Amino acid sequence: MGKNLSAVVAHIAVILAIIITLGLAGAFAQGASAGQGSDRFTGELEEGAVLRILENDTAIKQGYLEELLDAFNAAYAEYGITAVDANMDQYTDLENDGPYGYGPDVLYQANDRIMRYVDGRHIMPLPVDAIDCLDVVGDRAWMAYSATTDGQANIFGVPVNVQGPLLYYRKDLLPENWEEEWDDDKNGVPDMVEYWTDLYRFSKQRKEESGGQEFGYMRSFLEPYFSVGYLYSYGGYTFGNNNTDPSDIGHSAGNAELGGRVIRQLASVMDERCIDDSVTTGAYSALASGEFFATITTPDVYTMFVDEMKADGYSEEYIAENLVTADIPMLPASGDLEDESEGFIECKMMGGVNGYAISSYTDYPNAALAFVNFATSYEMVSRRNELLGIVPARSDVASDVGGLSEVINTNLEEGSIVVMPSIKENAQIWTPLQTFFQDIAKDPYRTAEEYKYDTLEKIKAALVNVDEQIYDAIFTLRG
Amino acid sequence: MQEAQTTKVKNAFSERGRKIAAWFKGLPARTKEKFAFAREILNQGNGKVRASMLLMGMGQLLYRQWAKGILYLLVEIAFLAYFILRGADDLLGFFTLGTVESNAWYGIEGDNSVIMMLMGILAWIALLFYAVLYIANIKDCYAIQCAADTLKAPKSFKKELSELLDKKFYKTALALPIVGVSVFSILPIIFMILIAFTNYGGDIVPPALVDWVWLDNFGRILTLGQFAPTFFKIFGWNIIWAVLSTALNYFAGLGLALLLNKKCVKGKTFWRLFPILAYAVPGFITLIAFKYMFSYGGPINQMIVDAGGTAIGFLDIDAKWTARLIGLFANAWLNIPSSMLLATGILSNMNTDLYEAARVDGASAWKQFVKITLPYVLFATMPVLISQFIANFNNFGIFYFLRGGLYMEGYFLASDTDLLINWLYNMSIDNNYYSIGAAISIIIFIVTSVISLAVYVLSPSYKQEETYQ
C-alpha cells in the first residue's frame with residue numbers, strides 16, 4: 001500500500017508544484033509589466049490608420065456622417081488615413097467593448113455618457129494645446145468635458161453642439177388683441193412667451209374657455225431633463241461643487257420647493273396627460289392641430305412640428321411665420337405663478353453638450369485627434385448646423401448663424417442652461433426625480449383631502465426624500 | 001376535511017422524509033464501500049498499476065493496451081500543457097482576482113477580475129475532470145490487473161469502444177451534454193453565486209480590482225435598516241402575485257380549453273385562433289400596448305373623458321392595487337393561450353369511458369370535472385404548473401414595462417408593484433450593485449426551490465406516479 005500511496009501522492013505533488021510555481025510566476029510576470037506609461041499624443045500621424053467613427057443616428061440618416069468622412073478622407077489621403085463609420089449602436093458601451101477591441105476609435109455622444117468613461121480610463125485625456133477650437137468654445141461647454149484625475153485637471157472631449165430646451169408656440173393662436181391685452185411692456189413680444197405667470201394665466205383661460213379641450217402650455221413633467229430646471233431656478237442643484245461632488249445632493253437646497261410649486265400650478269392648467277408620458281410623442285400633432293398653444297422641447301425636433309403642420313394642410317410660408325421658437329419664459333421671483341410682485345428671475349433648464357472623445361483603446365491616437373479637429377472645424381460644424389439643425393458649441397459659428405443658436409450659447413454661458421452632471425453617479429438621479437415629478441404633477445388632480453403637496457413644507461420634505469433616495473442609490477450599498 | 005388534508009400533507013412529507021433519511025443512512029456504508037475499494041487498489045495494485053498512478057496510461061501501456069494507454073497519456077499531456085500555458089495562472093487568479101489594475105492611458109493591460117473569476121472556475125472544472133479521468137485510469141488499470149491475475153484476457157480497446165455504443169451507450173450519449181452543461185450552465189451559475197461573495201459593483205467594476213468579501217453582502221442585506229422592510233413587503237406581494245397569476249392563467253386556460261372542447265361549440269378552430277394570435281405577438285409589445293391603453297392619453301381614458309368622466313390613473317403613482325390588477329390581467333392575456341393549448345392537448349387524451357361511467361352513476365358535470373378531469377389534468381401538468389409558478393414569481397417584464405421607473409416612499413429603490421426580480425434589476429443594473437443583486441438572487445433561488453419542491457412533493461404527479469402509469 002505504501003508504495004502505491006506514494007505514487008498517488010507523488011502525482012498530486014507534481015501537479016500542485018506545477019500549479020503553484022507557474023501560477024506565482026505568472027503573477028510576478030504581470031506585476032512586472034506595470035508602469036510602462038507614455039504620452040500617446042506625439043503629433044506624428046499614424047500612416048495607414050483606419051479610424052472607426054461612432055456618430056449618432058440622426059447624423060447618419062441625414063447624410064452628415066458620409067459628408068464628414070468623405071471630406072476627412074480627401075484631406076488626409078496623403079497620409080493614407082481613412083475614417084469609416086464604426087457601424088455600431090449610437091449608445092455603444094465603450095466600457096465593455098473597448099478593452100476587447102470592439103469599440104470605436106472616436107465617439108460622438110452626450111457629455112454625461114462620455115464622461116462616465118473617465119473613471120475606468122476608457123477615453124483619453126486630450127492634449128489641450130493640440131485642440132484647434134479651444135478658444136472659440138465657451139468655458140461652460142469645456143467644463144462639461146473636464147475632470148480631475150490623479151490630481152490633474154484634464155479635458156476628455158471636444159464640444160460640438162449644445163442641447164438646451166426652447167419654447168415652441170403657435171403665433172396664429174395668440175388672442176387677436178394680444179398687443180393690447182398681453183403685451184404690458186409694449187416690447188412687441190407677447191407676455192405669455194416671456195413670463196411663466198402670463199403663460200399660466202393664458203393657459204388657464206384657454207382651458208376654461210374651451211371646456212378642457214384646448215390648452216395653453218402643455219408638456220409631460222415625467223422627464224426630469226425638462227422638469228428639474230424649475231428646482232434649479234430657485235436654488236436647487238443636482239450635485240455640489242459644480243456637479244462634481246456626488247455626496248452633496250441638493251434638489252431640496254435653497255428655495256427649490258418654490259420650483260415644485262410652479263410645477264404643481266402648471267400641472268393644474270394642463271390635464272392629466274402631464275402626469276405620464278403619453279403626451280410626449282403626441283405633442284407634435286397636438287401643437288399642429290392647435291390643441292396646444294405652446295410646449296417645450298429641444299431645437300433638433302423642429303422639423304417634426306413642421307411635418308405635422310404640413311400634414312394638417314399648412315403651407316411652408318405659413319408654418320415659417322407662425323411656428324415660433326423662443327427662449328424659455330422668466331419665472332416669478334415669488335415662486336408663485338399668480339404673484340408678480342417680486343419681479344422675475346431667469347428660468348434655468350437642464351441641458352447637455354454633445355461632443356467627440358477618443359477611445360483609450362485606439363491604435364491611432366494622433367490620427368483620431370486629427371479627425372476630431374477636422375470634425376470640429378468651422379466648416380464642418382457649420383455644415384452640421386445646416387443639415388441637422390444643431391446648436392453649435394463654437395461661438396464663431398453660433399454668432400454667424402445667429403438666432404436661437406446664439407441665445408442658447410448665451411444661456412449656457414450665463415448659467416440658464418445647467419449642463420447635465422458629467423459624473424457617473426448622474427445615472428442614479430433619474431428614477432427618484434421622475435417619481436417626484438409624477439407625484440407632484442398628479443397632486444392637482446387629487447381630491448382636496450388627498451393633496452400631498454398643498455404647502456411648501458410638504459414639497460420641501462418630498463425633495464429632501466428625493467435627495468435621500470439618490471444618496472441611498474449611490475452610497476448605501478457601496479462596500 | 002381540514003384534518004384529512006393535514007394528514008395528507010403530513011404523510012407526503014413523512015414519506016419524502018423517510019426517503020431522504022434512508023439516503024443519508026446509506027451514505028456512510030456507500031462511502032465505506034468506496035474507501036474499501038480504494039484501499040484494495042492501493043493494497044493490491046501491482047507495479048503496473050502504480051505506474052498508472054504516477055503517469056496516466058503507463059500501466060495500460062505496460063499491459064500492452066496501446067490505444068487506451070496512449071489516450072490516457074494524451075489526457076495527461078493535454079492537462080499538463082493546459083496548466084503550464086494558462087490553467088495554473090487561472091487557478092491562482094481565482095484566489096487573488098487580480099493584482100495589477102489596468103490603465104488604458106499607459107497601455108497597462110492589467111487584470112480583469114471578472115474574467116479571472118470566470119477562467120478560474122473553468123480551471124477548477126478542468127481540474128475536476130482531470131481528477132475523474134485520473135481515478136478512471138487507475139481503476140481501469142486495476143481491472144486489467146485483475147483480469148490478468150485470473151488469466152482472463154483483458155477487454156480489447158475495440159471491445160470497450162463497442163461497449164460504449166451498446167451497454168455503456170449512456171456514457172457516450174451523456175459525455176458531450178455534460179461538457180456543454182458544465183461550460184454553458186454550471187459555469188455561469190457558479191459565477192453568479194460567487195459574485196455574491198465579492199465586492200463587485202458600485203465603484204468596483206473593471207478595470208478596478210474586485211475582492212472576495214465572503215459573507216459581507218449577506219450581512220449588509222440583513223443589517224441594513226431600509227433593506228429588510230422592503231424585502232418583506234416585496235416578498236409578500238411576490239408570493240401573492242405568483243399564486244394568483246399562476247392560478248388565474250391555469251384555470252382560465254383550462255376553462256377555455258374545456259369550453260372549446262364542447263361538442264356544441266361551432267367553429268372551434270376559428271375561436272382557438274384568437275388566443276393563439278394574442279400568444280403570437282411578442283410579450284413586450286403587448287405590454288407596451290397595455291401601458292398605452294391605460295395611460296392618461298390612452299383610448300380607455302379618452303372614452304371615459306368623452307363620456308363626461310374624469311381620467312383615471314390606472315398605472316400612475318397612486319395606483320397600487322389598480323396597477324397590480326392590470327398586471328394580473330395583462331399577464332393572463334399573455335399566458336392563458338399557452339395554458340389553453342396545454343390543456344387542449346391533455347384533454348384530447350382523456351378516456352371518454354370514464355365520463356360515460358360517471359354519467360351512468362349519475363355524477364353531475366361539476367362532479368365529473370372535480371373527480372375526473374381536474375385530477376387527471378393536474379397530474380399531467382403539475383411540473384408545468386410549477387415551472388409557470390417559478391416563471392410568474394420571476395416575471396420581470398410585466399411591471400417593468402407597465403410601471404417601471406418609480407421608487408416609492410417606504411421602499412428602498414423599488415415601487416409597490418415591483419417583484420423581487422424587478423428590485424434585483426433596480427439594484428444590480430440600474431444602480432450597479434452586482435454583488436448585492438447576486439446575493440438577493442441566491443435568496444430568491446432558495447425560496448423558489450423550497451416552494452417548488454414542497455408543491456411537487458405534495459402533488460399527485462409525485463405521490464401517485466404509479467397510479468397513472
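**Entry 1: ground rules**

By contact I mean heavy atoms within 4.5 Å. With that cut-off I looked up A:Y230, skipping its neighbours within four places in sequence, and found A:W196, A:Y217, A:F221, A:G259, A:V262, A:I263, A:L266, A:I296, A:L331, A:C347, A:K348 and A:M349 in contact with it.

This is a predicted model, in which local features need pLDDT of at least 70 and side-chain atom pairs count only at pLDDT 80 or more, while totals for chains, interfaces and linings use all residues. Residues are numbered from 1 along each chain as its sequence is written, chains are lettered from A and ligands numbered from 1 in the order in which they are written, and side-chain values use heavy atoms, with hydrogens and water left out.

**Entry 2: chain A overall**

I boxed the C-alpha atoms of chain A along the principal axes and got roughly 105 × 65 × 40 Å. Its secondary structure comes to 20 helices and 17 strands (DSSP runs numbered from the N terminus: H or I of at least four residues for helices, E of at least two for strands). Of the 479 residues, 55% count as buried (under 20% relative accessible area with a 1.4 Å probe, protein chains only; exposed is over 50%, partly exposed in between). Among contacts in chain A with a separation of 6 or more, 73% join residues 24 or more positions apart.

**Entry 3: domains and cores**

The assignment for chain A (bounds from an automatic or database domain assignment) gives domain 1 as 50–156 + 351–414 and domain 2 as 166–236 + 257–348 + 434–445. Their centres, over C-alpha atoms, are 33 Å apart. The contact takes 7 residues from domain 1 and 6 residues from domain 2.

Next I checked nonpolar cores (buried Ala, Val, Leu, Ile, Met, Phe, Trp, Tyr and Cys joined through side-chain atoms within 4.5 Å). The largest has 138 residues, and A:W196, A:Y217, A:F221, A:Y230 and A:F371 touch the most other members. Helix α15 (residues 365–375) of chain A gives the largest share, 8 residues. Where does this core lie relative to domain 1 and domain 2 of chain A? Both domains give residues to it, so it lies between them. Another core lies apart from it, with 65 residues including B:A323, B:A330, B:L406 and B:F412.

**Entry 4: A:N385**

I found A:N385 in helix α16 (residues 378–388) of chain A. Buried or exposed, I wondered of A:N385? A:N385 is buried, at a relative accessible area of 13%. Leaving aside neighbours within four places in sequence, A:N385 is in contact with A:I390, A:P392, A:V401 and A:S405.

**Entry 5: start of a helix in chain B**

At the start of α2(B), a side-chain oxygen of B:N46 comes within 3.0 Å of the backbone nitrogen of B:K48.

For cavities and pockets I used a 1 Å grid over the protein atoms alone: in a cavity a 1.4 Å probe fits but cannot get out, a pocket is an open set with protein on both sides within 12 Å along at least five of seven lines, and lining residues have an atom within 4 Å of a point. Points are joined across faces, edges and corners, and a volume is the space filled by probe spheres set on the points.

I counted 4 cavities of 30 Å³ or more. The largest holds about 50 Å³, with A:P165, A:D327 and A:N411 among its lining residues.

The second largest pocket is about 1,400 Å³. It has 31 lining residues, of which B:Y72, B:L133, B:A136, B:L164 and B:K171 are the closest to its centre. α5(B) gives the most to this lining, with 10 residues.

Terms used. Polar contact = N/O pair within 3.5 Å; in protein donor to acceptor, adjacent residues only side chain to side chain.
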